[in-house]
Amino acid sequence: MSDNSTLSELDRPNSYIGRSVPRPNIRRLLEGRGTYTDDIVLPRMAHVAFHRSPHAHAMIKSINSEAAAQVPGVIRIVTGRELAEVMTPWVGVLSHLAGMKSAPQHAIAVNQVCWQGEAVAAVVAENRAVAEDGVELIEVEYDELPVVADMETALDEGTHVIHPELGDNLIFQRELDVGDVDAAFAEADEVVEETYRFGRHTGVTTEPRIIIADYEPAEDNLTVYLSSQAPHMMKNLYAKHLDMEEDKVRVICKDVGGSFGIKVHTYADEMATVALSKLLKRPVKFLADRLESFVTDIHARDHRVKIRLGIKKDGTITGMEFDDLTGVGPYSMYPRTSGIEANQVVVLTGGPYTFKNYRAKATVVALNLNLMCQYRAVGHPIACAIAEGIVDDAARAIGMDPAEVRRKNLIPDDAYPYIANSGLTYEKLSHHQCLDKLLEMMDYDGLRQEQAELREKGVYRGIGLASMIEVTNPSPMFYGAGGAFISAQDGVTVRMDHNGGVTASTSITEQGQGADAITAQIVASSVGVDIEKVRVVSGDTEVTPYGGGTWASRATGIGGEAALRAGKQLRQNIKVIAGAMLQAEPDTLDVQGGTVVDIDTGKERLALSEVGRVVYFRGDTLPKDLQPELVVSRHYVPKEFPFTFTNGIQAFHVEVDTDTGFVKLLKCWVVEDCGTVINPQLVDGQIRGGVIQGVGGAMLEHCIYDDNGQLQNANMADYMVPMAVEMPDIEIAHCSSPTKDSELGAKGAGEAGTCGAPGAVMNAINDALSPLSAKVNNMPFTPEKVLKALGKV
Amino acid sequence: MSTLYPVTVTVNGSPVTRHVEARLSLSDFLRQELELTGTHVGCEQGVCGACTVRLDGRITRSCLVFAVQADGGEIETVEGLSDNGEIDDLQTAFHERNALQCGYCTPGMLITANELLKKNPSASRAEIREELSGNYCRCTGYHAIVDAVETTGRQRQGGAK
C-alpha cells in the first residue's frame with residue numbers, strides 16, 4: 001500500500017515536528033511524584049554495602065568478617081571468591097579496535113585490588129545503615145604492590161606491570177598517517193606546537209548509580225530495576241555472566257536522574273548486586289553513595305596531547321600531527337571499552353578543516369586509578385580543544401584574526417559529500433553558514449573593538465571560537481562490528497486503542513533529554529492525532545522493541561525515525577479500515593487531529609474512536625477479507641554512513657582578573673546544525689546543558705589523585721561542579737542540513753555543547769591573556785593556573 | 001544502635017509520629033518512614049541541594065538534619081507545596097520553559113526558587129543565579145531555570161498567577 005499524500009511527512013497538518021511543545025510527561029517530576037529507582041521498595045528487599053579497598057594496588061592476604069557477621073540485621077557477607085562461583089568475569093575489549101587488551105575483571109576483587117575503591121567484600125543486610133555497620137567491621141589484610149599512577153611512565157621499562165599476564169601496561173594504540181605531514185611542515189611559513197592537558201573528571205549525576213536486582217528462583221526469573229541508558233545491553237550481560245537464559249531477564253529503567261554516559265557501563269558493584277540476588281534468592285538493592293560514586297563512577301578525559309600545526313602566511317593550514325596519551329583504569333571498561341575516547345581523538349581532530357596532511361597517534365595505558373570510559377561527548381572535547389587551540393596559536397603566529405583563519409580553512413559548504421582524513425564521509429555540513437551566523441549573532445566586530453578599548457584600561461577580555469564536528473547516529477560499525485551486543489537499531493511499536501488513543505513503546509530511553517517527548521511528537525504527527533492522545537512507554541525490555549537506548553546522540557535520529565515509520569504505517573492501516581467503513585478509496589483519506597478526513601478538502605468523515613469501536617467491538621461489520629491491524633512495529637538502523645556527522649561552532653566571551661586569576665564567563669553563543677529539529681526547546685536544552693558540562697571540565701572539575709593512587713577530593717565539597725552563579729547565559733541559533741539517510745532527517749544534538757565548550761573557553765582565556773604573553777593549556781583552568789601562566793605565583 | 005526515639009512532626013499539615021534511630025537523617029525519615037519520595041538525596045553532605053525542604057518556615061538541607069532534631073517541627077515538602085498550590089506558577093513556568101530535564105534536582109530547586117521569589121519577586125538574573133547556587137543541576141546548564149524563575153517573579157509582581 002502506498003501513501004499518496006502529497007504533503008511531506010514532516011509538514012503534515014497539525015504537525016508537532018519543529019515545535020517547542022512542553023514535554024508531556026514531566027508534571028509528575030515537578031510535583032515530586034516521579035519514580036526513581038531509589039523510590040522502589042520490594043518485599044524482602046535486602047541492601048548491600050561494599051567494603052572497598054583503601055589501597056590503589058595490593059594483594060588480598062585475608063578477609064576477616066567474623067565481627068561483621070555478628071551485627072544484628074546483617075544477612076550475609078560475601079567475598080569475591082564466593083561470588084565468582086555465581087558470576088563469571090568479563091574482559092573489556094572490542095575486536096575491531098585492533099590489538100586492544102585487558103585483564104578479566106571480577107564483580108568483587110578475588111586476589112588483587114587494582115584501584116582505590118574496588119570492592120573487596122559485600123555485606124548484605126536488612127537496611128543500608130546496618131550493611132554499612134558491617135562494612136566497618138570487616139578486616140582485610142593486604143600486601144601492597146607498587147602503584148602505577150603516572151601515565152607518562154606507565155610503559156617504561158622499570159614500571160610495575162599491573163597485570164603481568166598481559167606483558168605490559170598498554171591497553172590500546174591507534175595511529176593514522178594521511179598525506180605527507182613532513183612535506184606539509186616544510187612548506188609551512190610557521191609551525192606552531194603546544195602540549196595540552198585535560199584533567200580527569202567525572203559525571204556527577206544528581207541521582208547516584210542505583211540498582212535493585214530481584215532474582216526469583218521458582219521460575220529462574222531475574223528482574224533488574226536500574227538507572228541506565230541501555231537496558232537491552234544490560235539484559236544481555238546479566239544473562240551472560242550469570243549463565244541464565246537471556247529471555248528470563250527483564251531490565252526496567254524507571255525515571256533516571258541524569259546519565260551523560262555514566263550509566264551506560266557495566267559496573268562491578270552493580271554486577272555483584274545482581275549476583276547476590278541470585279545467591280540469596282531475594283531482591284538486593286545497591287545505591288552508590290556520593291563518596292562511592294567518585295571512586296567508582298567512570299572517570300573521563302585525562303589526556304596529554306603534544307600537537308603541531310603548519311600554516312602559510314595566507315592562513316592556509318598545511319598539516320597537523322599530534323601524539324595523545326591517556327591513562328585509563330587497571331581494566332578497560334566493559335563492554336564499550338576504554339579505548340573509544342582515544343580512538344575518537346584520532347578520528348575527529350581537525351575534522352572541520354580542509355588540510356590533507358594528518359598524522360595522529362593515541363596511546364591508552366593502564367593505571368591503578370578508577371576506570372575511565374565513555375562520558376558525554378567521548379573524545380570530542382579533546383579533539384576540538386587541541387585543534388582549535390593550535391589553530392588560534394597559528395593565527396597569532398601569522399597575525400591573522402582567528403575567525404578569518406577558520407573561514408580560510410573550514411570545509412566549503414558546497415564540498416559535500418566530503419571524505420575526511422579519517423576516511424569517514426561527511427554527508428552534509430554547514431561550517432561557513434554557522435560561522436557567519438555566529439559572528440553576526442555575537443557582534444564579533446563590536447566585541448573586538450570593545451576588547452581593544454578595555455585593554456587600554458587594563459581590563460582583559462577574550463573571545464574564543466571553536467568549530468566542531470560531532471559523531472551522531474552511530475551505525476553497527478561503532479560497537480556491533482566489534483562483537484558487542486550493543487544494538488545500533490531501534491524499534492517503535494504503536495497501538496491504537498478503541499477510543500483513538502495511541503500508545504507508543506520505544507527502545508530508546510528517557511534520562512531527561514526528552515526522548516519520550518520527541519517520540520510523542522513524531523507519533524502524533526505521523527498518525528494524525530493530538531499529542532495529548534499519545535502515551536509513550538520506554539525503559540522496559542519486556543514491553544518495548546529491542547534496541548540500543550539513549551547514548552551517542554542517537555535517540556532522535558534513530559528511534560525518532562522508527563517512530564515516524566511506525567506512525568505512518570498505522571495511519572495507512574487506519575485509512576484502509578476507514579475506507580472500508582466509508583466505501584472510499586484509502587488514498588482519498590487522511591488522518592488529522594484524531595479524525596479521518598477527506599485528504600483534498602479536510603472534511604471530517606469519521607472519528608478515530610468510531611474506527612476503534614468498529615475494529616475492537618463490531619469487527620463483524622467489516623469486510624470478511626479485511627483483518628484490521630491497529631498495532632504496528634517499525635525499526636530503523638542507519639545504513640548509508642557509519643556515523644552521521646553534525647557540525648557547529650561556539651564562542652565564549654570571558655574576562656580574566658589578572659590579579660586573582662579568576663575567569664568570569666560573560667556570555668556564550670552556539671550555532672548548531674543537527675539536521676531536522678523536532679523540538680527546538682529540547683535541542684537548546686541539550687546544547688546549554690552540554691556547554692555547561694564542558695565548562696565544568698575546562699574550569700572546575702578535576703579528580704585529583706596523588707602518587708599513591710588516592711583520590712584527594714572525592715566529595716562534592718572538594719570536587720567543584722558548575723553552579724548557577726558562575727555560569728553565563730547561552731544564546732543559540734540553528735542551521736539545518738538534514739540527513740538523507742532517514743525520512744526524518746534528524747541528526748544527534750546531545751553532545752555538541754560538551755564538545756565545543758572547553759576549546760572555546762580556552763581560546764577565550766588565551767585571547768584575553770595574549771597581550772600579557774601568557775597562556776594556559778592545562779585543564780581545568782583554576783585561578784592558580786592562570787596566575788602561574790601570568791608568572792604571579 | 002537500636003535505641004529508638006519518638007519523633008513527632010507536622011508534615012505538609014498532618015501530624016505524624018515515628019520511632020527512629022538517632023542517626024536517621026530527616027531526608028531518610030521523609031523518604032523511608034513517610035514514603036515522601038519527592039525529597040531527593042544527592043550528596044548527603046549539604047552541597048547539592050536536592051534534599052531541600054522547608055522546616056519551620058525556613059529552607060533546609062534535610063540530609064544535614066537528624067530526624068530527632070526536627071521533633072516538634074513543621075515540615076513542608078514538594079508534595080505538600082504541590083497539593084496546596086503554593087508553587088503551581090513556578091511548576092508551570094518550569095514545565096513550559098523545560099527548566100528541568102531528569103527532574104532529580106527539581107523539587108529542591110523549586111523550593112529554593114520559591115523562597116527567593118517570596119523575598120524578592122523582582123530578582124535580577126544575577127540575583128537568581130546567586131540564590132540558586134546552592135542547588136546543583138547537571139542537566140540544564142541553569143539558563144532555562146533562571147528564565148523560568150524570572151518569568152514567575154514577573155508574574156507574581158504583576159499580581160498575575
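This is a predicted model: local features need pLDDT of at least 70, side-chain atom pairs count only at pLDDT 80 or more; totals for chains, interfaces and linings use all residues.
Residues are numbered from 1 along each chain as its sequence is written, and chains are lettered from A in the order in which they are written. Local features need pLDDT of at least 70 and side-chain atom pairs count only at pLDDT 80 or more, while side-chain values use heavy atoms, with hydrogens and water left out.

Student: How many residues of strand β15 of chain A are buried?
Tutor: Strands are DSSP runs of E with at least two residues, numbered from the N terminus, and β15(A) spans residues 358-365. Buried means under 20% relative accessible area, with a 1.4 Å probe and protein chains only. The strand is mostly covered, the buried residues among its eight numbering six.

Student: Which residue is the bridge partner of A:D324 in β15(A)?
Tutor: Two strands pair if DSSP finds at least two bridges between them, and eight bridges join β14(A), residues 317-327, to β15(A) in a parallel run. Strand β7 of chain A, residues 170-178, is also joined to β15(A) by eight bridges, but runs antiparallel to β15(A). Within β15(A), A:D324 has as its bridge partner A:A362.

Student: To which residue's side chain is the side chain of A:R52 joined by a polar contact of 2.9 Å?
Tutor: A:R52 lies in strand β1 of chain A, residues 46-52, and is buried, with a relative accessible area of 15%. A polar contact is a pair of N or O atoms within 3.5 Å; within protein, one must be able to donate a hydrogen and the other to accept it, and residues adjacent in sequence count only if both atoms are side-chain atoms. At 2.9 Å, the side-chain partner of A:R52 is A:D269.

Terms used:
Buried means under 20% relative accessible area, exposed over 50%, partly exposed in between (1.4 Å probe, protein chains only). Helices (H or I, at least four residues) and strands (E, at least two) are DSSP runs, numbered from the N terminus.
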